[in-house]
Amino acid sequence: MSTYGLQTYDANGNPLITVDEKMTRVRYTTVAASGVSGSVTLDDLTDITTAEISIPLNVLYINQVAHEVSRSGNVITWTAAGSGVDSLIIVFIYV
Amino acid sequence: MPIYGLTVKNSAGSTIIDGVYKNYSLYESGSFTFSGFYQVVTLGTATPLPIIVAIKPPANYVFVKHCTTSGGNYTGFQINGSEGETVYWKAYVAHPTTKAGNYGLLVYNAAGELCFDGARESFKIYQVNTGISLGVAPSGNQTITHNGIENPYYFLSPQCIGNVNDPGPPRWTVFFRNSIKQVSSTSVNIGWLSYDIITGIQSGYTFNPNQTLIVLK
């Protein structure tokens, strides 16, 4: 643990955040409709590490699967997969 | 980069808190034991904020099948697994709209919305493994080790699907999804869990992109 910088504590005095932490902040969120692919350009992502995830919503059928999501440069692309389902797309910054 | 307010950087020089992008924080948590092959978890309080569900898996494969919504609110999620196994879960959102207590650091954005609350448990990353390639169902799998942290929570994305056909007779198709199980306190295995079977031969449903495993701290 570093001996400088910000630290936060819970009510019992246990450290919650230190300057050595890697934390996630949300940059972009959308719900991609079933069977529909799309993309978005996020100009402020240059030199920033992100993770792109997709989460299926309200799956009803055996072969429904969430969109595949990827990043190329500053463009985030989600591609419909399987027989399709609405998907929560989240781009988060992690460092 | 904000031109006002607080910016916190970690020891690597990267911004971890500011007044622009909201941090993920714990919304609700709990555990359950499967009484069948799946469990629907209903949040104590539904929320319009999208949820991320991280799990601490048991010794047999489980997967988060989906999140549930109703009327624009996130109401819960479903996890598939094996009867008798216990799963611990945490649902995170970015960011709860109310402060958790009357102490600690609070950071708001220009709209007056909470970005960070020092009294809440944050979504903190210990390790990210990308490019996980399972191979085909049902035998493909990969073990991930995270020395330095024991019994963490995990988030796996994206969802994959596989199937195995038996020409029979009788003819049937078994469907699988990518799943996670605990191997030891410092390792997990990503593999396939069968979750449904139908009569007849089905094809064209395999979807098996590389996966990302987030190991939480």
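This is a predicted model: local features need pLDDT of at least 70, side-chain atom pairs count only at pLDDT 80 or more; totals for chains, interfaces and linings use all residues.
Local features need pLDDT of at least 70, side-chain atom pairs count only at pLDDT 80 or more, and totals for chains, interfaces and linings use all residues. Residues are numbered from 1 along each chain, chains are lettered from A in the order in which they are written, and side-chain values use heavy atoms, without hydrogens and water.

**Exercise 1.** Describe the salt bridge between A:Asp44 and A:Arg27.

Solution. Step 1: a salt bridge needs a side-chain nitrogen of Lys or Arg within 4 Å of a carboxyl oxygen of Asp or Glu. Step 2: the closest N and O atoms of A:Asp44 and A:Arg27 are 3.0 Å apart. Step 3: A:Asp44 lies in the loop between β4 (38-41) and β5 (50-56), and A:Arg27 lies in strand β3 (residues 24-32), 17 residues apart. Strands are DSSP runs (E, at least two residues), numbered from the N terminus.

**Exercise 2.** Describe the surroundings of B:Gly191.

Solution. Step 1: B:Gly191 sits in strand β16 (residues 187-199) of chain B. Step 2: its relative accessible area is 0%, so B:Gly191 is buried. Step 3: beyond neighbours within four places in sequence, its contacts (heavy atoms within 4.5 Å) include B:Tyr61, B:Leu134 and B:Arg177.

Terms used: Helices (H or I, at least four residues) and strands (E, at least two) are DSSP runs, numbered from the N terminus. Buried means under 20% relative accessible area, exposed over 50%, partly exposed in between (1.4 Å probe, protein chains only).
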